[in-house]
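Take a walk through this fold with the model open beside you.

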Amino acid sequence: MTDLRDLGNSRFVLLINKNDKLLVDGALCTIDDISKKVSQFARKECKANNAKRGVVVVSNDRSTSFGAFVKALEEAHKGIDIVRDEYAKDKFGKPFSELSDVQQAEVADKVSLNFVLSQSIRVSK
């Protein structure tokens, strides 16, 4: 089991319980909330020049369905993509997908979070 305290102070924790319910900071949320919440976290980390140390933890119960786990992970990645697009438009005037490889690498370096995936925890609610 991953000890979340070992990951430092700069972390976003998404828990998925055995009933596929999602919890962020201990509060229930919907799948549609995940990308918004991750993008808020990524913006905060980028403003603090802390993005490379920022951690998104996705933990699930053993009974979580695979589909719910994958969907939550996709939404978390979508949140980072949103911030990369915003940064690319601010810096280069176009979306991330239209940047050169060098520009994409620069944006990805600036807007980059680490992901930790863990299983086998007991998630209440």
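Helices (H or I, at least four residues) and strands (E, at least two) are DSSP runs, numbered from the N terminus. With that in hand, look at helix α2 and what comes after it. α2 is followed by Gly93, which has a positive phi, near 80°. The helix itself spans residues 66-92, 27 residues in total. From its first C-alpha to its last it reaches 38 Å, close to the 39 Å expected at 1.5 Å a residue. That expected span is 1.5 Å times one less than the number of residues.

Some ground rules apply. This is a predicted model, where local features need pLDDT of at least 70 and side-chain atom pairs count only at pLDDT 80 or more, while totals for chains, interfaces and linings use all residues. Residues are numbered from 1 along each chain as its sequence is written, and side-chain values use heavy atoms, leaving out hydrogens and water.

Now step back. The protein chain has three helices and five strands. Along the sequence they follow the pattern β-β-β-α-β-α-α-β. How confident is the predictor? pLDDT is its confidence in each residue, from 0 to 100. The mean for the protein chain is 85, and 86% of residues reach 70 or more. Among the elements, α2 has the highest mean pLDDT (94) and β5 the lowest (83). Over residues 1-7 the pLDDT is below 50. Beyond near neighbours in sequence, that stretch has ten contacts in the model (heavy atoms within 4.5 Å).

Contacts also show how the chain comes together. Take those between residues at least 6 apart in sequence: 69% join residues at least 24 apart. Of the 125 residues in the protein chain, 40% are buried. Buried means under 20% relative accessible area, exposed over 50%, and partly exposed in between (1.4 Å probe, protein chains only).

Two strands count as paired if DSSP finds at least two bridges between them. β4 pairs with strand β1 (residues 11-16) in the parallel sense over six bridges. There, Phe12 stands opposite Val56. β4 also pairs with β5, again in the parallel sense and over six bridges.

Is Gln119 buried or partly exposed? It counts as partly exposed because its relative accessibility is 45%. Beyond neighbours within four places in sequence, Gln119 is in contact with Asn60, Asp61 and Arg62. Gln119 and Val58 are 61 residues apart in sequence, yet 8.5 Å apart in space, C-alpha to C-alpha.

Return to α2 and look at its buried residues. They include Ala68, Phe69, Leu73, Ile80 and Val83, along with Glu75 and Arg84. What covers the buried residues of α2 includes β1, β2 (22-24), α1 (31-47), β4, α3 (101-110) and β5.

Finish with the cysteines. Cys29 counts as buried because its relative accessibility is 13%. Cys46 is buried too, at 12%. A search of the whole structure finds zero disulfides, a disulfide being a pair of cysteine sulfur atoms within 2.5 Å.

How values were computed:
pLDDT = per-residue confidence, 0-100.
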